Amino acid sequence: MEDLLADRILVTDLARFRRVVDLRASGSVGLPSGHISREELAKIPAGGTFEVRDKRYYVLPCDMHDFIMDGLKRNTQIVYPKDSGYILIKLDICPGRRVAEAGTGSGALTAVFSRAVGPEGRVYSYEQDIGLVNHAAKSLRLGPEDRNVVIRHQGLEQGIHEENLDAFFLDVRDPWKLLSIVYDALKPGGHLGILVPTTNQVSRVLLAFNKTDYLVTEVAEIFLRTYKAVPARLRPMDRMIGHTGYLVFARRMQPGALSRPDAGPESPLGRRDDDGPLGYGDQDIEDD
Ligand SMILES: C[S@@+](CC[C@H](N)C(=O)[O-])C[C@H]1O[C@@H](n2cnc3c(N)ncnc32)[C@H](O)[C@@H]1O
């Protein structure tokens, strides 16, 4: 994928105003106190400043957080940076990995995945809505030669073209219907992540996992509270993103590896309610 952030800058007043400007576009840029032409903006060095009608603005190179929060046009709910950063670690995504997702939506997570897997990696993104396919391709500056991101216009139910994927992420309404089709596309031990906005959906996902050969490793929700950076009156911002979604993570196991005779429908994987999250708290157990 072409460098998404090249020729994009952030214009801010260091307070509430933040605007990501694509310098390749044409026309002037609207600011709270007036307008400035893109030609003039392009001359201001990174970290520089300018004034329009006595109001001061600052110019910075656009980073991925700026792009997702202030630059990307949203036609759907998106995966926010507070979640996508953790998703990258949980799915163990790094340069060279082959990952897939459904759906593409506005392309926020696609952008994060694309940069993380790098030029040698691949992101296969499935989206059933052609309008959103086109929207994301434009937002992500995808061209016909692009190989790092492949957007596939189809519902995931219709099949997955790839095999032996390192990781898969589901951000769709009914992820529980797609667990087995994703299983076949993942490599053994591969990572699956799911985002759903309601607890009801988490329960449905967990019940569906009960009938599969995935090991559920974590159910999580991430809170991020930012602060007013005023030393003398340090306190949280008045407004915050209160809720995005719940995250469920699992690993593809060998068929039959998890079969447990006592696993009932109320207890995914037959674990008791008071069991800790998998993998935590085991540090004290030493090898023989
Ligand atoms: C919440 S949006 C995804 C947002 C995206 N993760 C982002 O960060 O911008 C959900 C998308 O999934 C698509 N979708 C829902 N079910 C699907 C399916 N079965 N196969 C492919 N796409 C699907 C919808 O059309 C919608 O665009």
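**Figure 1. Helix α4 is largely enclosed by the rest of the structure, because eight of its ten residues are buried.** A residue counts as buried if 20 or more other C-beta atoms lie within 10 Å of its own, as exposed if 12 or fewer do, and as partly exposed in between, with C-beta atoms placed from the backbone. The buried residues of α4 are Ala-108, Leu-109, Thr-110, Ala-111, Val-112, Phe-113, Ser-114 and Val-117. After α4 comes Gly-118, which has a positive phi near 70°. Helices (H or I, at least four residues) and strands (E, at least two) are DSSP runs numbered from the N terminus. The model is predicted: local features need pLDDT of at least 70, side-chain atom pairs count only at pLDDT 80 or more, and totals for chains, interfaces and linings use all residues. Residue numbers start from 1 along each chain as its sequence is written.

**Figure 2. The shell around the ligand contains 22 residues.** Gly-103, Gly-105, Ser-106, Ala-108 and Val-172 come nearest to the ligand. Two elements, α4 (108-117) and β8, each give two or more residues to this shell. A residue is near a molecule or strand if its C-beta atom, placed from the backbone, lies within 6 Å of it. The shell has nine nonpolar, eight polar and five charged residues. Here Ala, Val, Leu, Ile, Met, Phe, Trp, Tyr, Cys and Pro are nonpolar, Asp, Glu, Lys and Arg are charged, and the others, Gly among them, are polar.

**Figure 3. Ser-125 is part of strand β8 (residues 122-127).** Ser-125 is buried because 27 other C-beta atoms lie within 10 Å. Beyond its neighbours within four places in sequence, Ser-125 is in contact with Glu-101, Thr-104, Thr-110, Val-149, Ile-151 and Arg-152. Contact means that the C-beta atoms of two residues, placed from the backbone, lie within 7 Å. Between Ser-125 and Gly-107, 18 residues apart along the chain, the C-alpha separation is 8.9 Å.

**Figure 4. Seven strands form an open sheet with mixed pairing, in the order β9-β8-β7-β10-β11-β15-β12.** At the edges are β9 (149-153) and β12, each of which pairs on one side only. On average, neighbouring strands of this sheet are turned by 15° against each other, direction ignored. Helix α5 (residues 130-139) packs on the sheet and touches β8 and β9, with its direction at about 165° to that of β9. Axes are lines fitted to C-alpha atoms, for helices over the stretch in contact, and angles run from 0 to 180 degrees between N-to-C directions.

**Figure 5. Strand β15 (residues 246-252) is mostly covered, with five of its seven residues buried.** Two strands pair if DSSP finds at least two bridges between them. Strand β11 (residues 186-196) runs antiparallel to β15 and is joined to β15 by six bridges; Val-196 stands opposite Tyr-246. Strand β12 (residues 214-220) also pairs with β15 in the antiparallel sense, over six bridges. Glu-218 stands opposite Phe-249, and Leu-215 has Arg-251 as its bridge partner. Helix α7 (residues 199-209) lies across β11, β12 and β15, and runs at about 10° to β15.
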